[in-house]
Amino acid sequence: MTYPICHFTIALRECALNKERAFYKAVSRSIHSLNTPAELKAKLEGIIRLAARASHCAVSLLLIDAAGQKLSHNISFGLPQFYIHKGVLSAADSIGETVNIQTTAITDVQNDHRIQFPQMALKAGFSSILGSPVIYQEKVIGSIRFYCKDFYEFSQQDITFAENMARIISLAFCTLPTTTTPVDNTASMPASNLKTAQNITFAHQSETEFARLLDFYNIEWIYEPRSFPLDWEGELVTEMFTPDFYLPGLDMYIELTTLKQSLVTTKNHKLKMLRELYPDIKISLLYKNDYARLLSKYGCGPLAQTRAHGIDRVLYTAGDIAERVASLARQISDDYPDNRPILIGVQRGFICFMADLIRQIAIPLDIDFMTISYYSGSNASMVRITKDMDLEVAGRDVLLVEDIVDTGITLNYLLNHLRSKNPASLKVCTLLDRKVRRLIDINIDYVGFELPDEFVVGYGLDYHEEYRNLPFIGIPGIKQNP
Ligand SMILES: O=P(O)(O)OC[C@H]1O[C@H](OP(=O)(O)OP(=O)(O)O)[C@H](O)[C@@H]1O
């Protein structure tokens, strides 16, 4: 009777020994890879692949967004695409212990509340998951997860291996040059490790450029984290939509379309279906022409080389503007009867508007100004506040004054900056609001005019620095340079 048991023990020991050898090999090779000149992404891919091969599991590195709330798959080996694109996870709810620096084993994913998408795990055939936190600069930045097809009690040996691989990933991040911290002293969120590690291969050049623009304005993004099923035949998904970007800080998706305007019907149809099927999802579609116009504002893209030849049409006369400004000033005077607000203007387009507005406001106030750098194409690093406020805004009522809000990208950055200075209240007043071009949904408290989808100049607004001194607001005749 003892013989087979003894045999079994030897076999087990042999098995553990083999496993130990495989783990040792994966650990030592991963450490070795840290000293190579490869890019971070290549190093991480290698480490994840080694972890998967040694453990006979699918393995994924998930990273947390800068706000510490959302987790997404970053580099995976052996995971099916639908599992990777199932959407971002809540960092607190998805094996939340890992955020609190604990390696966690889940033996039966179907019956464990810490698994957010159990149906997807079932579909992928995963029964057990082991997760270990990845720590960088004393913060949990994500976790490495092992997905096992069998119902499996992870041993101490497995746990130690997961923890070692997580530590090696942390070390890989340490090999990064320290470019991930913001260049100015804004308390806007530090650029996340997510984008540093991603080094995505984009499907199209316009996506690369758009990611750069988002990076410039310190807007965190995740590339294609979720595919939305749109149509089914029985259990089988027959149509899907995978938006290009997810912005975790704003909880919204952005789809860039590079197709000619005449060919976007299918995409529009998909978007309509997505909005019907997933009414809670916020998504913006940026058409090719809109995107070109957005880039031209920064002097880049195909429309950059254009010139304005006079004014085609006056949109708001000096009289219309004066009337509207007076009405905004009355509203502001009523809303801040006794708290002496600070009006902060954003250089330079605000100049006429702010000058007229403050002269109509009937309560005591302070004024201050800010200037920020603008995106200028592929060599741009990150937005900088080139002139910050002189006044202390903590505890004060702040009213940000803009000439125009278009995509909302500039305003989003400025509001993050101002919020970090703890004002008592923070509101926005803009003369012009071009809602149709909005990408980032921001509440605006005082709006002069809601603009149609037209580029305008005058009363402070320019086209390549021309026409700021016009007393009215008009639409310039823009022509492509010969
Ligand atoms: O909503 P957005 O798409 O970010 O655009 C709005 C920004 O554009 C304008 O500035 P501009 O870049 O024209 O500089 P200027 O004020 O110096 O004219 C305006 O003053 C806003 O700051």
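Begin by selecting strands 2 and 3: two bridges join strand 2 to strand 3, and the two run antiparallel. Strands here are DSSP runs of E with at least two residues, helices are DSSP runs of H or I with at least four residues, and both are numbered from the N terminus. Two strands are said to pair if DSSP finds at least two bridges between them. Within this pairing, lysine 70 has serine 90 in strand 3 as its bridge partner.

Before going further, please note that residues are numbered from 1 along each chain as its sequence is written. The model is predicted: local features need pLDDT of at least 70, side-chain atom pairs count only at pLDDT 80 or more, and totals for chains, interfaces and linings use all residues.

Six strands form an open sheet in the order 3-2-1-6-5-4, with antiparallel pairing. Its edge strands are strand 3 (89–90) and strand 4 (104–106), each of which pairs on one side only. In general, strands of a sheet pair through backbone hydrogen bonds, either parallel or antiparallel.

Next, display helix 5 (residues 156–174). Helix 5 lies across strand 1 (58–64), strand 4, strand 5 (128–136) and strand 6 (139–148). The helix runs at about 35° to strand 5; axes are lines fitted to C-alpha atoms, for helices over the stretch in contact, and angles run from 0 to 180 degrees between N-to-C directions. Then go to glutamate 138, which is found in the loop between strand 5 and strand 6. The phi of glutamate 138 is near 65°, a positive value in a residue other than glycine.

**The domains**

Colour the chain by domain. The domain assignment gives domain 1 (2–174), domain 2 (193–297) and domain 3 (309–480); such bounds come from an automatic or database domain assignment. The centres of domain 1 and domain 2, taken over C-alpha atoms, are separated by 29 Å. Their contact takes 19 residues from domain 1 and 16 residues from domain 2, where residues are in contact if their C-beta atoms, placed from the backbone, lie within 7 Å.

On the side of domain 1 that touches domain 2, helix 2 (40–55) and strand 2 (70–77) each supply at least two residues. The residues of that side divide into ten nonpolar, four polar and five charged. In this division Ala, Val, Leu, Ile, Met, Phe, Trp, Tyr, Cys and Pro count as nonpolar, Asp, Glu, Lys and Arg as charged, and the others, Gly among them, as polar.

Select strands 7, 10, 11 and 12. They form an open sheet in the order 7-10-11-12, with mixed pairing. Strand 7 (222–223) and strand 12 are the edge strands, each pairing on one side only.

Strand 10 (residues 245–247) and strand 11 (residues 252–256) pair in the antiparallel sense over three bridges. Phenylalanine 245 has isoleucine 254 in strand 11 as its bridge partner, and tyrosine 246 stands opposite tyrosine 253. The two strands form a hairpin with four residues between them, and aspartate 251 in the turn has a positive phi of about 50°. On moving to strand 12 (residues 283–286), one finds that strand 11 pairs with strand 12 in the parallel sense over four bridges. Here isoleucine 254 stands opposite serine 284.

**The ligand and its surroundings**

Finally, select residues 319–463, where UniProt places the feature "domain: Phosphoribosyltransferase" in an unreviewed entry. UniProt positions are given in the numbering used here, feature names are shortened, and annotations may be inferred rather than shown by experiment. The end C-alpha atoms of this span lie 22 Å apart, and the span is 26% helix and 26% strand.

Centre the view on the ligand. Which residues come nearest? Of the 15 residues around the ligand, these are Arg348, Gly349, Asp406, Thr407 and Thr410; a residue is near a molecule if its C-beta atom, placed from the backbone, lies within 6 Å of it. Strand 17 (397–405) and helix 12 (409–419) each supply at least two residues of this shell, and strand 17 gives the largest share, four residues. By class, the shell has six nonpolar, four polar and five charged residues.

End at arginine 348, in the loop between strand 14 (342–346) and helix 11 (351–360). The peptide bond from glutamine 347 to arginine 348 is cis, with omega near 0°.

Terms used
Two residues are in contact if their C-beta atoms, placed from the backbone, lie within 7 Å.
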